[in-house]
Amino acid sequence: MQITRAVLDEIVARLLAQGLAAAAGAGAKSTAGIKAETVEHTDPHLVPIGISNRHIHLSRSDMDALFGPGSQLTRKAALKQPGQYAAEELVTLRGPKGEISKVRVLGPLRKETQIEVSIADGFVLGIKPPMRMSGKLESTPGVELVGPHGTVKKEGGVIVALRHIHMLPAEAAKLGLKNGDEVDVVVEGVRGGVMHHVTIRAAEASSTEMHIDVEEANAFRLKNNTLVRIVKV
Ligand SMILES: [Zn+2]
């Protein structure tokens, strides 16, 4: 793999920041100023990849039906986006053609149930979910949800999530971008290429990260935390 100077700089900066953070935790207070300077010098065009496998966000009423009245999600692992987490709970998706089991529930609960799958998952289930941004669920196909306590037949809510980049509004502003803008993203490596139509999702309390699904990750041979570059800004 060929590593560009910019990527190398970013890696060094991150390692330094990590090392300094650890040192600061051990009581080396004098490093605090250096750490801030290091972070400030990182290239805002470089963003780490976060790969989303198929998953489901549940509403309170669907949680009740699938896992029992008043049931709570069990936190398994924190996701990079603040407040978001992978839960221990799993459900089965049952479509007209087939089933997919062990689909992870992501917390916290939401107003509306949303099921995010890949295009190939749609083939397995026998449905054709459209490519959508999170929350845009009008005219989407449904699927039957199977949990340990019961089942729910959803009339809609299944999407293939459109790729996007989370960042703070201040970070977006540094790149001359705002929420809802589209950019290109360049990927290096043997399956390198350019991803067009990547939407910027600028919001407070977010962590810089580009979300793609498993099929996109494999098509570009990308792994979690690999840095990619925003262009066309
Ligand atoms: Zn996302």
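This is a predicted model: local features need pLDDT of at least 70, side-chain atom pairs count only at pLDDT 80 or more; totals for chains, interfaces and linings use all residues.
## Overall make-up

The protein contains six helices and 15 strands, and of its 233 residues 28% count as buried. Among contacts between residues at least 6 apart in sequence, 66% join residues that are at least 24 apart.

## The barrel and strand E14

Six strands close into a barrel, in the order E1-E14-E11-E13-E12-E15, and the pairing within this barrel is mixed. From one strand to the next, the twist averages 45°.

Strand E14, which spans residues 209–213, is mostly covered, in that four of its five residues are buried. Strand E14 pairs with strand E1 (residues 46–52) in the parallel sense, over four bridges, whereas its pairing with strand E11 (residues 164–167) is antiparallel and runs over three bridges. Met 210 of E14 takes part in both pairings: Met 210 is the bridge partner of Ile 49, and Ile 165 stands opposite Met 210 as well.

## Strand E2 and its partners

Strand E2 covers residues 55–59 and is joined to E5 by four bridges, with the two strands running parallel. In this pairing, the bridge partner of His 57 is Leu 106 in E5.

Strand E2 is also joined to strand E6 (residues 114–116), here by three bridges and with the strands running antiparallel. The bridge partner of His 55 in E6 is Glu 116.

## Helix H3

Helix H3 comprises residues 60–67, and its buried residues are Asp 62, Met 63, Leu 66 and Phe 67. Viewed down the axis of H3, these buried residues fall within an arc of 105°, and they therefore line one face of the helix.

After H3 comes Gly 68, whose phi is positive, near 110°.

In soluble globular proteins, nonpolar side chains tend to be buried together. The largest nonpolar core of this model has 21 residues, of which Val 91 and Leu 93 touch the most other members. At least two residues of this core are supplied by each of E2, H3, E4, E5 and strand E10 (158–161), and the largest share, four residues, comes from E10. When residues up to four places away in sequence are left out, Val 91 touches Ile 56, Leu 66, Val 103, Val 105, Leu 145, Val 146 and Gly 147. Of these, Leu 66 is one of the buried residues of helix H3.

Conventions: Residues are numbered from 1 along each chain as its sequence is written. A residue is buried if 20 or more other C-beta atoms lie within 10 Å of its own, exposed if 12 or fewer, and partly exposed in between; C-beta atoms are placed from the backbone. Two residues are in contact if their C-beta atoms, placed from the backbone, lie within 7 Å. Two strands pair if DSSP finds at least two bridges between them. Axes are lines fitted to C-alpha atoms, for helices over the stretch in contact, and angles run from 0 to 180 degrees between N-to-C directions. The arc is that of the directions from the helix axis to the C-beta atoms. A nonpolar core is a set of buried Ala, Val, Leu, Ile, Met, Phe, Trp, Tyr and Cys residues joined through C-beta atoms within 7 Å.
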